[in-house]
Amino acid sequence: MKLTPGITSCTPEWQLILTQIGVPFSTIDLSVTSGISDCPAIIVSSSLTNSEILKVLEYVSNGGTILIEADTGHLLFNIKTQSLHIKYFEPQYDDIFAAVNGGYFDGQLRLPKHGTHLMSDSGKNLVQIYRHGEGVALILPGGFIRGVLDTSVRRRNFPTNGPTFPSERVSRRSKGVIRAVVEKSLQFLFQKRQLPLVTLYPFPDGVSTIFNFRIDTDFSSEDDVKRLYDLCRKHNIEATWFVETASAANWINRYAQMENQEIGLHCFKHRLFASFSKNQKNVRQGVDLLTCEKLHPDGFAAPFGLWNRSLSKAVEHHGFIYSSEFALDYDNLPFYPFLRERFSTVLQVPVHPVSTSLLRNARHTFDDMTTYLDYVIAKHVQYRLPLFFYDHPSNANLDALNWLFERISNISIRQMKLGDYARWWIERTSTKWTPLLEDGRIRIKQINCPASLHVQIHRGVQEWAITEMKDEINISDLYFQPEVIAKTESPMSARSAYTWKMMVNDILHYYWKFRL
């Protein structure tokens, strides 16, 4: 049996999420009289005709499983729904989503009225499990999946044990958590069919995570850059530097002299514009200065971590492979942004948005900082997320970074430059493969598979194993480990409050955004 879910329409939001998860899928035509009975699960992502409704109901009644949103649940099963503004969601004692972290949505959703899972700030559960005949439907709130295409920005608190929360302007919606909810939903539905869910692992060679230190150099002096570079060299850190070129024009050759570092572009002037032409000019001027030093950047990171479509097209115009803006997404796996009419050709590589300067702004001591950094390391290993920290040479806390680099070395986390990871991810995305289950063995048909690629085998929502991508995998030979229950230093209710400190930081953000 094929272990690939079917989907009725490969919409941009579903393509983005399923590609991140690394689950192979196929588009199914419900107007055809046969074929869907062989699907382990069906994602209903399109409107249905009367004949298609009957076909889906028959599939579920005979033991099939479907993943749908509330509007489709009303159409198929006449469930009651209600529209509510949902600020955040947070699994509590949840047998499906216990390993999912809390996240923000901050928007209107159409909820199944009798939801049973995934508690929200409204006091309502967002997800309903509906049994029909021998099969099961998992019903997500209407509008939930499309949240991954949202490009709006909000200032968010990040949980620490320090005196106040550090905050940063990041993507309004927790897109990585939306992805995790979808992944757990598929694991649950495959479990109901007594089938394993097989997905691509997000890191090469099966390592637990990968580390990169990203550096945005805006308004840093030559001495600032030298001090941070010397610290990186002391610990053999292969950092990725995004250079603001205007203020460094007289000594930009310093970057060409660096050893084992990746050089990307931050900007020429530290500004983001609404128009393509102004963004394109700013990018071109920055590229020209780097090119004069025989530096040819593959990566770009925008000023203030901001993103808009005209900037994305300007970055495309100059042939960058990837960019990284936490206002578009953070703490998540790479993806290609959707530009309304098409996907961008520039891969987005999210990073963790809290720097040591933000921690210092939140009155964190050295011990507070190291406690927080250690918490982020543990959390990203648990959620199988890249461990990408960032900072600035001009206001970094070098003592805390010295501790971080020693910690990364002591626990032997593999380093990867952002550009190397982007190129590996592009290979991962282009891999064509199909897993099948035959006599307790997973057989994989594959094309263009890099040797470093591994797969995850999910046995329900609570157990998973990892193994090399190979033609045949004996499930009984695998070591399955339990998923770890999500733990957060502070509940979403505390993190979601807008404080006077956040207001001051927003005022300063807008001042510097238009002052520079």
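The lining of the second largest pocket draws at least two residues from each of α1 (12-21), β2 (26-27), α12 (418-430) and β21 (432-438). Helices (H or I, at least four residues) and strands (E, at least two) are DSSP runs, numbered from the N terminus. The model is predicted: local features need pLDDT of at least 70, side-chain atom pairs count only at pLDDT 80 or more, and totals for chains, interfaces and linings use all residues. Residues are numbered from 1 along each chain as its sequence is written, and side-chain values use heavy atoms, with hydrogens and water left out.

The largest share of this lining, 3 residues, is supplied by β21. The volume of the second largest pocket is about 510 Å³. Of its 25 lining residues, V23, P24, F25, S26 and W433 are the closest to the centre. A pocket is here an open set of points on a 1 Å grid over the protein atoms alone, where a 1.4 Å probe fits, with protein on both sides within 12 Å along at least five of seven lines; lining residues have an atom within 4 Å of a point. The volume is the space filled by probe spheres set on the points, which are joined across faces, edges and corners.

Helix α1 is largely enclosed by the rest of the structure, because 7 of its 10 residues are buried (under 20% relative accessible area, 1.4 Å probe, protein chains only). These are E13, W14, L16, I17, L18, Q20 and I21. They pack against β1 (6-7), β3 (42-43), β4 (65-69), α4 (175-192), β12 (197-200) and α12 (contact means heavy atoms within 4.5 Å). Just after α1, G22 has a positive phi of about 85°.

Methods. Buried < 20%, exposed > 50% of the residue type's maximum accessible area, 1.4 Å probe, protein only.
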